[in-house]
Amino acid sequence: MTDKSFRLEVRDWLENHCPQSMRSPFDSEADLCWGGRNCEFKSEEQETWLRNMADKGWTAPTWPKEYGGGGLNRTEAKILKEELKRINARPALYSFGISMIGPALLHYGSEELKQQHLPRIVRGEIRWAQGYSEPNAGSDLASLQAKLEDMGDHYQLNGSKTWTSYGDKGDWMFCLVRSDGELPKHGGISLVLFDMATAGVSTRPIRLISGKSPFTETFFDNVRVEKNQVVGELNSGWTVAKYLLTHEREMIGSSGVGQAGEELLGQTASRIMGLESGQLSNTMLRKDIAQLEIDIRALDLTMERARDEAAAGASLGAVSSMFKFYGTEYNMRKQNLLMSINGMHALEWVGAESEEGRLPRLWLRSRGNSIEGGTSEIQLNIVAKRILGLPG
Ligand SMILES: Cc1cc2nc3c(=O)[nH]c(=O)nc-3n(C[C@H](O)[C@H](O)[C@H](O)COP(=O)(O)OP(=O)(O)OC[C@H]3O[C@@H](n4cnc5c(N)ncnc54)[C@H](O)[C@@H]3O)c2cc1C
């Protein structure tokens with residue numbers, strides 16, 4: 001099939017399968033669809049949209065068809081992305097499964113693990129949580145202490161994790177554990193998977209300055225982990241973890257270029273502040289908005305070029321740190337500008353859940369963006385060492 005006929009086919013399919021109400025930007029974070037066992041769809045159309053996209057495998061367009069993915073090549077995946085953008089389609093599914101553990105399973109997982117987990121990730125049936133950070137292991141992740149012991153026919157896990165995003169909503173966890181305390185720091189680590197409903201797993205909310213509680217501390221008390229749920233070789237988890245992080249960083253960097261249908265900053269400013277002689281009267285703000293829009297466009301194109309250059313489905317490697325750094329810097333600049341554009345209204349704070357508090361909440365959240373998945377300082381260290389080749 002030629003690219004042109006594929007595009008027409010996609011366009012036609014979207015026309016018939018993307019509900020009208022799914023063709024606009026989100027009003028609030030509560031509208032995002034994360035799937036999972038306890039997913040509460042906001043509308044019938046949201047559920048239909050996820051089902052339609054999952055049936056095609058287009059929630060994970062480039063994953064092999066045998067694991068439920070779309071089996072698209074890079075060019076076809078780009079066409080699909082462009083056509084979704086053309087109609088302002090919302091992502092059908094937000095998923096740590098698709099952006100994090102799925103790529104790691106494709107690269108390092110046993111055939112059994114791929115068959116077990118990937119199709120359910122594509123269909124949004126399982127919501128995943130990330131168990132990496134611990135109270136004394138953040139930037140220095142390899143200091144982690146959660147202990148995995150061999151019990152003969154299974155493993156047993158004890159310890160705790162912190163900053164687990166949506167830990168209370170996760171169905172399964174991908175978790176970094178110390179499986180051999182005798183080996184050098186980076187050596188005795190494994191990545192294991194388990195159902196968070198297993199006896200001995202518990203969570204406690206962490207309340208933030210924004211009033212929200214999207215994180216938990218997560219505790220493991222004699223948790224049973226099946227032997228076949230180790231991703232890659234036992235004690236080789238550090239390699240898998242780093243690979244997974246490159247995908248996480250690419251995903252976080254991509255969020256800096258905005259979502260489908262999102263209003264351009266210039267449009268927001270002219271709608272809210274009004275124009276004089278066809279221009280924003282505040283010349284400094286005008287300049288800052290134009291510069292950010294240019295920077296975001298340049299980042300978007302550079303990311304696309306890097307994906308073109310990488311082998312199909314491969315990790316972007318250390319370059320993902322560069323994208324994570326810039327994507328999160330731009331998001332912070334964007335939230336700063338939105339606060340300026342909205343003036344006094346940006347300071348409204350009626351409560352953690354109210355629409356009025358949305359802007360300051362997004363502004364506060366953008367700070368977290370520069371920390372999650374590895375802080376900006378850590379990304380700059382990686383760029384210095386691995387890309388620029390500077391001495392450590
Ligand atoms: C929004 C959000 C979501 C998150 N979600 C998850 C999740 O789902 N699962 C999970 O496991 N974790 C999650 N985290 C935790 C996150 O991965 C850690 O916060 C992060 O890795 C930093 O670790 P830390 O908080 O312990 O800070 P620290 O490592 O203590 O760092 C403190 C400061 O020191 C700086 N620093 C540390 N080392 C160096 C160095 N070598 N060179 C220069 N500067 C340095 C850091 O940049 C930072 O400014 C999340 C965090 C946030 C903010």
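User: Why is Y94 called partly exposed?

Analyst: Buried means under 20% relative accessible area, exposed over 50%, and partly exposed in between, using a 1.4 Å probe and protein chains only. Y94 has a relative accessible area of 23%, so Y94 falls in between and is partly exposed. Bear in mind that this is a predicted model, where local features need pLDDT of at least 70, side-chain atom pairs count only at pLDDT 80 or more, and totals for chains, interfaces and linings use all residues. Residues are numbered from 1 along each chain as its sequence is written, and side-chain values use heavy atoms, with hydrogens and water left out.

User: What makes the pair of W34 and Y94 tilted?

Analyst: Rings of Phe, Tyr and Trp (its six-membered ring) pair if their centres lie within 6.5 Å; planes under 30 degrees apart are stacked, over 60 edge-to-face, and the rest tilted. The centres of W34 and Y94 are 5.8 Å apart and their planes stand at 45°, so this pair is tilted. W34 sits in the loop between α1 and α2, while Y94 lies in the loop between α3 and α4, 60 residues apart. Helices here are DSSP runs (H or I, at least four residues), as are strands (E, at least two), numbered from the N terminus.

User: And why is the pair of F325 and Y326 edge-to-face?

Analyst: The centres of these two rings are 5.3 Å apart and the planes are at 80°, so the pair counts as edge-to-face. F325 is buried because its relative accessibility is 16%, whereas Y326, at 37%, is partly exposed.

User: How do you know that C18 is in no disulfide?

Analyst: A disulfide is a pair of cysteine sulfur atoms within 2.5 Å. For C18, the nearest cysteine sulfur is that of C33, 13 Å away. The structure holds 0 disulfides. C18 is also buried, because its relative accessible area is 4%.

User: Which residues of α1 are buried, and what puts them on the same side?

Analyst: F6, V10, W13 and L14 are buried in α1. They cover an arc of only 100° around the axis, which puts them on the same side of α1; the arc is that of the directions from the helix axis to the C-beta atoms. On the other side of α1, K4 and N16 are exposed. The buried residues of α1 pack against α2 and α3, where contact means heavy atoms within 4.5 Å.
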